Amino acid sequence: ELRSRVADLAETARRTGRMTQQLLSMEKARGREGADKWAMLDLRRPLEEIACRFAEREMRHGVSVSFVTTGPAQPVMADPVMLYEAVENLLDNARRYGCPEGGEVELSLSFNQDQVAIRVTDSGPGIPADVHERVFDRFFRLSNDASGGCGLGLSIVRKVAEAHGGTARVVD
C-alpha cells in the first residue's frame, strides 16, 4: 500500500509541476507581447535542434522523429522564447496523444513567399473533427484523456501563433 501511495504522490507532483509550467508559459506569452523581445531569426537551425533533442528523449519510447524543411529559407521576425515554447508544446502533444506507445512524429518548416508554416504531425488516431476548435481552449481535454495533461499546451500554441500574425489549427 505504501508503494501505491508513493506512486500516486509522485504522479500528482509531476502533474502539478507540468500544470505550473504551462500556466507560467501562458502568463509569459501575455507578458511578452511587446516587440522588444523579438528578433530576426533563421528558424531552420533552432527547430532542427529542438527536433534532435526531442528525438533523443523519445527514442527510448519507440518514437521516430523527423525534421523536414521546404522552400528557400528566409529570416522571420519572431519572439524566439515563445516560438520555441509553442513548438515544444506541439511536439509534446504529438508524443503524449499521438504516439503514447511509439510511432512517428514529424516537425516540418515550410517557407513560402509570404508566410512560414511550422507543422507537427504524428502517426496517431487524430483529433475528432467536432473538437478541432475546442482543443485550443484553456483547460480543454478530450473525455477519454488519461495522459495527465492539463489542457493548456494548444492554447499556448494558438496564443503564440496569433501574436506572430499567424494561426494554429488542426488539419486532418
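User: What makes up the order of elements in the protein, from the N terminus on?

Analyst: From the N terminus on, the elements run α-β-α-β-β-α-β-β-α. That is four helices and five strands. Both kinds are DSSP runs numbered from the N terminus: helices are H or I with at least four residues, strands are E with at least two. This is a predicted model, in which local features need pLDDT of at least 70 and side-chain atom pairs count only at pLDDT 80 or more, while totals for chains, interfaces and linings use all residues. Residues are numbered from 1 along each chain as its sequence is written, and side-chain values use heavy atoms, with hydrogens and water left out.

User: How do you know that the span of helix H2 agrees with its number of residues?

Analyst: The expected span is 1.5 Å times one less than the number of residues. H2 has 15 residues, 44-58, so it should span 21 Å. Its end C-alpha atoms are 21 Å apart, which agrees.

User: Which residues of H2 are called buried, and why are they said to be on the same side?

Analyst: Buried means under 20% relative accessible area, exposed over 50%, and partly exposed in between, with a 1.4 Å probe and protein chains only. The buried residues of H2 are Pro46, Leu47, Ile50, Ala51, Phe54 and Glu58. They cover an arc of only 140° around the axis, so they lie on the same side of H2. That arc is taken from the directions from the helix axis to the C-beta atoms. On the other side of H2, Arg45 and Glu56 are exposed.

User: What do the buried residues of H2 pack against?

Analyst: They pack against strand S2 (63-70), helix H3 (80-98), strand S4 (103-111) and strand S5 (116-122). Contact here means heavy atoms within 4.5 Å.

User: What is the order of the three strands in the open sheet, and why are S2 and S5 said to stand at the edges?

Analyst: The order is S2-S4-S5, with mixed pairing. S2 and S5 each have a single partner strand, so one side of each is left without a neighbour in the sheet. Neighbouring strands are turned by 10° against each other on average, direction ignored.

User: How do you know that S2 and S4 pair?

Analyst: Two strands pair if DSSP finds at least two bridges between them. Eight bridges join S2 to S4, so the pair qualifies. The two run parallel. Phe67 stands opposite Leu107 in S4.

User: Which strands of the sheet does H2 touch, and which does H3 touch?

Analyst: H2 packs on the sheet and touches S2, S4 and S5; its direction makes about 170° with that of S2. H3 also packs on the sheet, touching S2, S4 and S5, and its direction makes about 20° with that of S5. Axes are lines fitted to C-alpha atoms, for helices over the stretch in contact, and angles run from 0 to 180 degrees between N-to-C directions.

User: Why is Pro72 called exposed, and what does Pro72 touch?

Analyst: Pro72 has 66% relative accessibility, so it counts as exposed. It is in the loop between S2 and strand S3 (76-78). Not counting residues up to four places away in sequence, Pro72 touches Arg44 and Phe111. Pro72 and Phe111 are 39 residues apart in sequence and 6.1 Å apart in space, C-alpha to C-alpha.

User: What is the phi of Phe139, and why is Phe139 called partly exposed?

Analyst: Phe139 has a positive phi of about 70° although it is not a glycine. Most residues other than glycine have a negative phi. Phe139 has 43% relative accessibility, so it counts as partly exposed. Its place is in the loop between S5 and helix H4 (153-163).
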